[in-house]
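Here is a friendly walk through a two-chain model. Have the sequence and the structure open beside you as you read.

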Amino acid sequence: MSKTALRLLSPIMLGIGLLVFWEVMVRALDVPVFVLPGPLVIFEALVTNFASLMASAWATLTITLAAFLVALFAGVGLAILFSRSRLVELMVYPYAVALQVTPVVAIAPLILIWVGYERIELALLILATIVAFFPILSATTLGLKSVDHGLRDLFRLYGASRWQTLIKLELPSTLPLLLTGMKTSGGLALIGAVVAEFVAGSGTATGLAWRIVEAGNRLDIPKMFAALLLLSLLGITIFLLLSALEWALLRKWHESMVKRES
Amino acid sequence: MSADPVVQIENVSKIFEGGTEALRDVTLSIAPGSFTALLGPSGCGTSTLLKLIAGLIRPSAGSITSSFPGRGHMGYVFQDATLMPWADVARNVAMPLDLMGLDEAETRIRVATALKLVGLEEFASAYPRALSGGMKMRVSLARALASKPEVLLLDEPFAALDEITRNRLNDDLIRIAAEENLTIIFVTHSVFESVYLADRVVVMAPRPGRPVADFEPMAPAGRDQDWRLTSGYTEMCGKVSEAVQAVVGGADV
């Protein structure tokens, strides 16, 4: 078996093995469905509630992607501003850290009151953005500070404008760190969206988190698991897409992508 | 010297923030087409002097004038190749031309010419990580040559290379300097390299850096490795070594 096939198949085989074990144990021990449903019952719940779950998944995904994009542009933008003005960095960075270390669950009620329940989507977007923003800001700030000094000198020697330096030197140089920040941020945007939905509570949110709360209240545990499964799949998809982007952008030149003989 | 100097350094001193005095009262004239080696132990301010000449930092006192103001007239090669890892060899070499706004056709021609000068025509599409240390330095040299500079500043460019590669690049540099009629200012810690390469060796004393001796080794044009075996070469190495020893003394270098 080739190494690639082994890499792809081994986690799949383990997953199938665990699912079979789970199903067998649930049946053998006669575990009640409201305690732990088997994989087949969960799949059945997924099929039965497919339309409503997919609509909820779409709602959560929309908030997650929007928050991720806002965090990306705001984080990179602010990091560029920091790199241009040490004073701005000294003034703003502590507040960015404060926002990051304060649990989003604690901020959420305040944001919901300020924005208003009638604009719940905006409140969710703000909360998810707060969670997703910091890794991008921190990674980009570090990247911009780590640009090779020799290359900076050469750009100055050849009279590069600030814009040329940013586009042709600073951003490419920062790219590996930015992509790492984006991978962390992508997952956090989803977590932020879900936490915000939980806090927003019933009657307003329409995402997967609300489906989980709703199913839990009705003791519909298979549906709860089905919603959880979709959330996991969303998170994995975001991570894989960002990993693919990282591979596409870095594979030709970055050390992390170099395959070595071992 | 008969011709007007390409670079004139007048009573230049440099004190960095924090109080480190890197250079004190340096006066030097660099003649057009000359190959000047700045030789000295660590801390003698040679790298600072190159950055001052390039206009990358400002002197604390004194003045530096160049007969070629404006960008593109000076090429700079660092001790490290300092390449952009995300760009292939051709794009690295094209970097100065790109920043100076040259059109694509002219850029292509100049990149090809520069790569030919350093013998890397076949590697235009390679990425830096696929190159050896010597090849990376050749790319760095090609990049410095691409803007067709009048003055080439080299800051210990071959210090990190093995001796065989270093000797080969020394010969390449002599050939390129002659072909392109370049004025070269070359920083090195090696007496042997300075005497082999340069037609003028300026010995610098450390802390603060200042020139203390000036030699003209009379290196023959078109010289090759055989010149290293001549008595003229070894005698000059001896003289320059004595000057270096005199400034270093028993001090830690």
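This is a predicted model: local features need pLDDT of at least 70, side-chain atom pairs count only at pLDDT 80 or more; totals for chains, interfaces and linings use all residues.

Two strands count as paired if DSSP finds at least two bridges between them.

Chain B holds an open sheet of six strands, in the order β5-β6-β7-β3-β8-β9, and its pairing is mixed. At the edges lie β5 (74–77) and β9 (210–215) of chain B, each pairing on one side only. From one strand to the next, the twist averages 20°.

Strand β8 (residues 200–205) of chain B runs antiparallel to β9(B), and five bridges join the two. Within this pair, Val203(B) stands opposite Ala213(B) in β9(B). A helix also packs on the sheet: α4 (residues 133–146) of chain B touches β5 and β6 (151–155) of chain B. The direction of α4(B) makes about 170° with that of β5(B).

**Two domains in chain B**

The domain assignment divides chain B into domain 1 (7–68 + 150–248) and domain 2 (85–148). Their centres, taken over C-alpha atoms, are separated by 25 Å. Where they meet, ten residues of domain 1 of chain B are in contact with seven residues of domain 2 of chain B. Which helix gives the most to the domain 1 side of chain B? That is α5 (residues 163–180) of chain B, with five residues.

**Where the chains meet**

Between the chains, 17 residues of chain A are in contact with 17 residues of chain B. On the chain A side, the elements that give two or more residues are α7 (149–157) and α8 (162–200) of chain A. Of the elements there, α7(A) gives the most, with seven residues.

The table sets out two contact sides by residue class.

| Side | Nonpolar | Polar | Charged |
|---|---|---|---|
| Domain 1 of chain B, touching domain 2 of chain B | seven residues | one residue | two residues |

**A tyrosine in chain A**

Finally, visit Tyr117(A), found in the loop between α5 (104–115) and α6 (120–145) of chain A. Why is Tyr117(A) classed as partly exposed? Because 13 other C-beta atoms lie within 10 Å of Tyr117(A), and the partly exposed class falls between 12 or fewer for exposed and 20 or more for buried. Tyr117(A) and Leu154(A) are 37 residues apart in sequence, and 54 Å lie between their C-alpha atoms in space.

Conventions. Residues are numbered from 1 along each chain as its sequence is written. Chains are lettered from A and ligands numbered from 1 in the order in which they are written. Two residues are in contact if their C-beta atoms, placed from the backbone, lie within 7 Å. Helices (H or I, at least four residues) and strands (E, at least two) are DSSP runs, numbered from the N terminus. Axes are lines fitted to C-alpha atoms, for helices over the stretch in contact, and angles run from 0 to 180 degrees between N-to-C directions. Domain bounds come from an automatic or database domain assignment. Ala, Val, Leu, Ile, Met, Phe, Trp, Tyr, Cys and Pro count as nonpolar, Asp, Glu, Lys and Arg as charged, and the others, Gly among them, as polar.
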